[in-house]
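Morning, everyone. Please have the sequence and the model open while I talk.

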Amino acid sequence: MLSGSAISGTRHVRSQLERMVDGVLALQAAGRDPARGGLLLYWPQVASNPFHGTLYARGFDNDWAVLPLDEVGGPLGQAGVPVTVHIHWIHRLFSRITRRREAVARADAFLDRLAGLQADGTHLVWTVHNLLAHHSDFPGVERDTCARLADLVDSIHVMNPDTVALAASHYQLPAHKVFHVPHPAYGPVYGAYMGRAQARLDLGLRPADVAILLFGALLPYKGIRQTIARLDSLQKLARPGGQVRLILAGGRGPDHFMAELEQLTAARSDVSVYAGHVSDQAVQTYFRAADVVACPYPVSLNSGVAMTGVSFGRPVVVPNSLMAVFSGAGAMVQGFDPAAFHSLDGALAQALAAADDSSARGQLQAFVADHDPAHVSDRFFKALAARRHGAAVTA
């Protein structure tokens, strides 16, 4: 029940330590043993991304209470239980930085604070989401930060089995620190009650149209220009009486790029652009309507969009660097070579053909079930506990 002060907007904002104590008490009230798990504090908190919620879904069931970390640093051992700090998207460290020397100073301070936490007994974990930020303003600083972070942390979580090899041209990931737990599927995350026919009607698609979905923030690096340039060639994939339609849906990119997109698509009836925030309940409209989901990125280590696509049972095309992530997904996931962008055509054709194969669909369903968030979360916490206690990791 809310108090009057809470309703009026003057409620007490609990400190980091108070919330940590809350976590310990919640574990005890649930009959869990904090000594086997403890507190996991993650940074940064990204409310618009469902990743944290899915990866940490089974925390309590594995004796862990999970909380966002407001700021890296300060004493964290006062809660009286083991503490793990889990680092995610490093590029967030450089938000709103405009000068290189400021970026260097922030990175130095960040790593010093982490080292201080480690010295006090905090276990440090880093999940490698990207090799480097896709649109980094300070790639050299970020590369150096990742290299130093890899040397510092106790454990490195990877979701792409090829991460160590793919990262090697940027920085080294010590193999003895690395453990693999895959990216969770997003099936339970989004609404999935809309029928395909209604979704296609809502997007103005005719039954015979072949809809290729490019989903996510509309940014220059994502291969959108190149895909539009191939659209005339891709019309060969059209069904009788229809055409291939490109659906671009996601948050607005920089003004200059949105203006460029307007120029590229103004005269095309086969491109629809839906620029703006897509609510969780609206995500299903785009994925239900799509015949195939394309992720035509120049390089990628992991992709929430691709995982969302397979979670909705859609065939997906990804850069070859992502294919190891989808090992076991079968023919419904196809790779292409971004350096030979025309290879996208063949990959889309093969993915669309696989969608008509019941065996391929069944293989994809099995892959998604194996990547259910609860299952992946269990694997993550068991692997993390094993690493913290020095046991062999079998996740």
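I will go from the sheet to its helices, then to aromatic rings, and end with some single residues.

Some ground rules come before that. This is a predicted model, so local features need pLDDT of at least 70, side-chain atom pairs count only at pLDDT 80 or more, and totals for chains, interfaces and linings use all residues. Residues are numbered from 1 along each chain as its sequence is written, and side-chain values use heavy atoms, with hydrogens and water left out.

Now the sheet. Helices (H or I, at least four residues) and strands (E, at least two) are DSSP runs, numbered from the N terminus. Two strands pair if DSSP finds at least two bridges between them. How many strands does the open sheet have, and in what order? Six, in the order β2-β1-β3-β4-β5-β6, with parallel pairing. The edges are β2 (64-68) and β6 (178-180). Each has a single partner strand, so one side of each is left without a neighbour in the sheet. On average, neighbouring strands here are turned by 25 degrees against each other, direction ignored. Axes are lines fitted to C-alpha atoms, for helices over the stretch in contact, and angles run from 0 to 180 degrees between N-to-C directions.

β1 (residues 38-43) is joined to β2 by five bridges, and the two run parallel. Leu41 stands opposite Leu67 in β2.

Next, the helices on this sheet. Contact means heavy atoms within 4.5 Å. Helix α2 (residues 16-29) lies across β1, β2 and β3 (83-87), and runs at about 155 degrees to β2. Helix α5 (residues 139-152) also packs on the sheet. α5 touches β3, β4 (123-127) and β5 (155-158), and its direction makes about 140 degrees with that of β4.

Stay with α2. Which of its residues are buried? By buried I mean under 20% relative accessible area; exposed is over 50%, and partly exposed is in between (1.4 Å probe, protein chains only). The buried ones are Gln16, Arg19, Met20, Gly23, Val24 and Leu27. Seen down the axis of α2, they fall within an arc of 150 degrees, so they line one face of the helix. That arc is taken from the directions from the helix axis to the C-beta atoms. The buried residues of α2 pack against β1, β2 and β3. After the helix comes Gly31, with a positive phi near 75 degrees.

On to aromatic rings. Rings of Phe, Tyr and Trp (its six-membered ring) pair if their centres lie within 6.5 Å; planes under 30 degrees apart count as stacked, over 60 as edge-to-face and the rest as tilted. By this rule there are 16 aromatic pairs. In one of them, the rings of Phe215 and Tyr286 have centres 6.1 Å apart and planes at 50 degrees, so the pair is tilted. Phe215 lies in strand β7 (residues 210-215) and Tyr286 in helix α11 (residues 280-289), so the pair ties together parts that are 71 residues apart in sequence. Phe215 is buried at 16% relative accessibility, and Tyr286 is buried at 11%.

Phe336 and Phe341 make another pair. Their ring centres are 5.6 Å apart and their planes are at 80 degrees, so this pair is edge-to-face. Phe336 is buried at 1% relative accessibility; Phe341 is buried at 15%. There is also an aromatic cluster of Tyr42, Tyr56, Trp64, Phe179, Phe380 and Phe381.

Thr308 is in helix α12 (residues 304-311) and is buried at 5% relative accessibility. Leaving aside neighbours within four places in sequence, Thr308 contacts Tyr186, Tyr190, Val283 and Phe287. Val293 sits in strand β10 (residues 292-294), with a relative accessible area of 0%, so it is buried. Not counting residues up to four places away, Val293 touches several others, including Leu213, Phe287 and Val305.

Last, some backbone details. The peptide bond from Trp43 to Pro44 is cis, with omega near -5 degrees. Pro44 lies in the loop between β1 and α3 (51-55). Asp63 is not a glycine, yet has a positive phi of about 75 degrees. Asp63 is in the loop between α3 and β2. Arg96, also a residue other than glycine, has a positive phi near 65 degrees. Arg96 is in the loop between β3 and α4 (100-119). Are these two buried or exposed? Asp63 is buried, with a relative accessible area of 6%, while Arg96 is exposed at 81% relative accessibility.
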